[in-house]
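Subject: Structure for your review

Dear colleague,

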Amino acid sequence: MDNTPDDPDDFSRPTTLGPAGLLQLRATLDEVEALVAEGPCVAVAITGKPFVFAVGADLKDVARISTPGQARGIAELGHAQLRRLGELGVPSFAFVNGPALGGGFEVALHCTYRTASSTARGIGLPEVALGLVPGWGGTHLVPALVGVEKAVQVVVANPLAQGRTLTAQQARELGLVDVVLDSPDFLEESLAWAARVVSGETTVERPEVDRDQQRWDGVLAAARAAVDAKLHGAAPAPYRALDLLARARTDSGPDAPEGARDAAFAAEDDALAELILTDEFRSGVYSFDLVQRRAKKPAGAPSSKLARPVGKVGVVGAGLMASQLALVFARQLKVPVVLTDLDEARVARGVAWVHGEIAKLAAKGRLSPGAAQRLTANVSGTTDTAEAFGDADLVIEAVFEELSVKQDVFRAVERVVREDCVLMTNTSSLSVTAMASVLEHPERLVGFHFFNPVAVMPLVEVVRTTGETPTDDATLATAFAVGKGLRKSCVLVQDAPAFVVNRLLTRFMSEASVVVDEGTPVEVAERALDDLGLPMSNFELLRLVGPAVALHVAESLHEAFPERFPVSENLRRIVEAGLPGVYEDGSRTLTPQAQELLVLGDSPSSAEQVRERVLSVLADEARRMLDEGVVADPRDIDLCLQLGAGWPAHLGGILPLLDRSGVAERVTGQRFLPRGAASVPA
C-alpha cells in the first residue's frame with residue numbers, strides 16, 4: 001500500500017504536519033493497520049506531493065500554542081502517529097521525492113527503509129536553528145541509525161551553519177537514506193526497489209553503530225564546546241538536543257532495556273513542551289518567516305515584467321571583490337563576464353583568480369568538466385572598456401571606495417555603453433545619488449551592495465537613488481531580477497549613509513570600541529555581549545572586515561552624523577600600524593603588538609554597562625533609520641542583519657531583543673514590533 005499526505009485546502013502547498021495533518025496521518029494509518037491485520041498487506045510506502053516530500057510541522061500552528069498542556073499535546077501527538085510507521089509489523093518505505101525537513105524527515109526516519117530521488121535537496125532537521133529540537137523521534141533515531149558523530153552534524157552543526165541541509169547524495173553518504181534513484185521514474189524505481197527488498201532479492205546492510213561510552217561522550221563534549229564558542233549559552237535548543245543525543249547511546253540499539261524507546265520519546269516530549277514556550281523559538285519562527293517569505297517577495301520591488309534581459313556583464317575592476325563578483329555572475333547567470341582594470345597585469349591576475357576558483361570547484365566535483373570549461377571560457381578580461389562594455393547589458397563597478405574615483409569610472413563607462421545598459425555600484429557606504437549626479441542618464445544607476453564573501457553571504461542591498469531623477473523602475477526591476485538569478489535575497493533600501501547593515505554594525509562597533517578607548521579592558525568589552533550569541537565580537541568582526549575598511553566606513557558615517565558615530569582613536573592606531581587586527585588567529589588573545597598599541601583611558605565601564613550602551617545605540621539608530629525611511633518596515637532591518645551579518649535567528653535579528661529587553665521603549669519611547677510578534681504573548 002502506498003500513501004501521499006495532502007493538504008485538502010491547498011493542493012499546491014507543501015505538506016506540513018500540524019494537528020490536522022497528524023490527524024489525517026492517524027486516519028490513514030488506522031486503515032493501514034486494518035489491512036495488515038487482514039493479511040493482504042505485505043509492505044507500506046509513503047511519498048510526497050510532486051517534488052516535495054514534507055516540510056515538517058506547521059510553524060504558525062505551533063507558534064499559536066500558549067500553554068504547557070498544548071505544547072505537550074502536539075509533541076505527544078506527533079510521536080504517537082509517526083512511530084506507528086515503524087511498528088506496523090510489515091516493512092515500511094519512505095520514498096523521499098523532494099525536500100524533507102524537520103518532522104517531514106522524521107516521518108521518513110520512522111520508516112524501515114528510505115529511498116531518495118537523485119534531484120532531492122533540502123533534507124535535514126533544522127529545528128535547532130528555530131529554537132526547538134527534532135522532537136518527533138529525530139534525536140533518538142538518527143544516532144541509532146548513523147552514530148553520534150553524524151547525528152551531531154545533522155541535528156546540531158548543520159542547523160547552526162546558516163540552516164545547512166543535505167542533498168540526496170549527501171544523505172546517502174551519511175547513511176540516512178538507503179538508496180538514491182534517478183528522478184524521471186523515481187516512484188516506479190522506488191516501488192521496484194521496495195519489491196526486491198520485500199522478496200529478499202535485495203538486502204539492505206547498515207554498519208553497526210559504535211556505542212563506546214568514551215567515544216560517544218567525547219564527541220558530545222566537543223560538540224558542546226563548539227556550541228559554547230558560537231552561542232555562549234544564548235539559546236537553549238542546541239544544548240537540549242545534545243542532552244537527548246546522549247541518551248541514544250543506551251536508549252537505542254539491540255541492547256537497549258525494555259521501555260527505553262518510550263522513555264526517549266517522553267524526553268523529547270519534555271524538551272519540546274519547554275522550548276515551544278520560549279522567546280527564542282518565537283524569534284526563530286519570526287526569522288523563518290522573514291527569510292522564507294518576506295525575502296522572496298521584496299517590499300517595494302517593481303513588477304518583474306519591467307526587468308531587462310541580461311546576456312552579458314561587465315565588471316569594472318579586477319581586484320578581489322571584483323573577481324568574486326565576476327565569478328558569481330558567470331556561475332549563476334551563465335553569461336559572458338568581462339573584467340577591466342588599469343593595466344594588463346591587474347586584469348590577468350583577476351581573470352586568473354576566477355579561473356582558479358572554477359578549477360577548484362571542478363576538482364571538488366561541484367562542477368562537471370564540461371560546465372567548468374564553459375564557465376572558464378565565459379570569463380575574460382581587457383583594458384579596453386569600449387571593447388568590454390560596448391555590448392554589455394549590465395556593468396557593475398567594484399573599485400576603490402572613493403566617491404570621486406567612482407564618479408570618474410561611471411563617466412567613462414557611460415560614454416561606451418548602450419543607452420539601455422544598467423549601471424550598478426557595489427559601494428558599501430558612499431552616496432549612490434552622488435555617483436549618479438555626474439551621469440547624463442542618472443536613472444540607470446542602482447546600488448547593488450554585496451557582502452563578503454560574495455559566494456556565501458545571501459544578502460544584496462538594492463539602493464534606489466533619490467533626487468530629481470531617481471533610479472527608474474526598469475533599472476530597479478532588473479536589479480531584483482539579477483539578484484534572484486544570483487540566488488540572493490534582495491532588500492530595497494533608500495540611499496542613506498552605509499545603508500542598513502554597515503550603518504548598524506558601525507554604530508555597534510563604534511560604541512564597543514569607544515568603551516575600550518575610555519578605559520574598559522578589552523576582555524570585558526568583548527565578553528559583554530556574549531550572552532546574545534552574536535556571530536562575532538567587536539574585534540573579531542574588525543579582523544574580518546579589515547581595519548582600514550572599518551575606519552573608512554566609520555569616518556564616512558562620522559562625517560554624516562558626527563554626534564553619533566565617534567571614530568575610535570585605537571582603530572586609527574591599528575590602521576596606521578598596518579595591523580590586520582588585535583587578536584591572535586582564531587582566538588581572543590591580544591597580539592603583543594596590540595598590547596603595546598592600544599591606549600586605554602581612566603573611565604572603564606562594567607560588562608553590564610557596555611551591554612546596555614551597545615543595545616541602546618542600536619535601538620536609537622534603528623529608530624532613526626525607520627523614521628528616515630531607509631527601509632519600508634522594521635522587519636527589513638532584521639532581515640538585513642540576519643542575511644548580511646549572520647545575526648542569529650534566536651534573536652530574530654535585533655529588534656525583537658530590543659523590544660523584549662525593554663531597551664526599545666527606554667531609548668525610543670516605543671516598541672519596534674507588536675507584542676507577541678517574536679516572543680511569547682504576555
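**The sheet and its strands**

In strand β12, M424 is the residue that stands opposite I396. Please bear in mind throughout that this is a predicted model.

I396 belongs to strand β11, which covers residues 394-397. Strand β12 consists of residues 422-425, and β11 pairs with β12 in the parallel sense over 4 bridges. Strand β8 (residues 313-316) is also parallel to β11, and 4 bridges join the two. Within that pairing, V313 has L394 of β11 as its bridge partner.

Are the residues of β11 buried or exposed? Both faces of the strand are covered: L394 and I396 on one side are buried, and so are V395 and E397 on the other.

As background, the strands of a sheet pair through backbone hydrogen bonds, and the pairing may be parallel or antiparallel. The open sheet here is formed by 8 strands with mixed pairing, and their order is β10-β9-β8-β11-β12-β13-β14-β15. Strands β10 (379-382) and β15 (489-494) stand at the edges; each has a single partner strand, so one side of each is left without a neighbour in the sheet. On average, neighbouring strands of this sheet are turned by 25° against each other, direction ignored.

**A pair of packed helices**

Two packed helices are described by the angle between their axes and the distance between those axes. Helix α14 (residues 320-333) packs with helix α15 (residues 344-363) at an angle of about 50°, and their axes are 9 Å apart. The two helices are therefore oblique to each other. The crossing in which α14 passes α15 is right-handed.

Which residues make this contact? From α14 they are L320, S323, Q324, A326, L327 and R331. From α15 they are G350, W353, V354, E357, I358 and L361. Sorted by class, the contact of α14 with α15 has 7 nonpolar, 3 polar and 2 charged residues.

Yours sincerely,

A colleague

Key: Residues are numbered from 1 along each chain as its sequence is written. This is a predicted model: local features need pLDDT of at least 70, side-chain atom pairs count only at pLDDT 80 or more; totals for chains, interfaces and linings use all residues. Side-chain values use heavy atoms; hydrogens and water are left out. Axes are lines fitted to C-alpha atoms, for helices over the stretch in contact, and angles run from 0 to 180 degrees between N-to-C directions. Angles under 35 degrees count as roughly parallel, over 145 as roughly antiparallel, 65 to 115 as roughly perpendicular and the rest as oblique. A crossing is left-handed if the near helix is turned anticlockwise from the far one by less than a right angle, and right-handed if clockwise. Contact means heavy atoms within 4.5 Å. Ala, Val, Leu, Ile, Met, Phe, Trp, Tyr, Cys and Pro count as nonpolar, Asp, Glu, Lys and Arg as charged, and the others, Gly among them, as polar. Buried means under 20% relative accessible area, exposed over 50%, partly exposed in between (1.4 Å probe, protein chains only). Two strands pair if DSSP finds at least two bridges between them.
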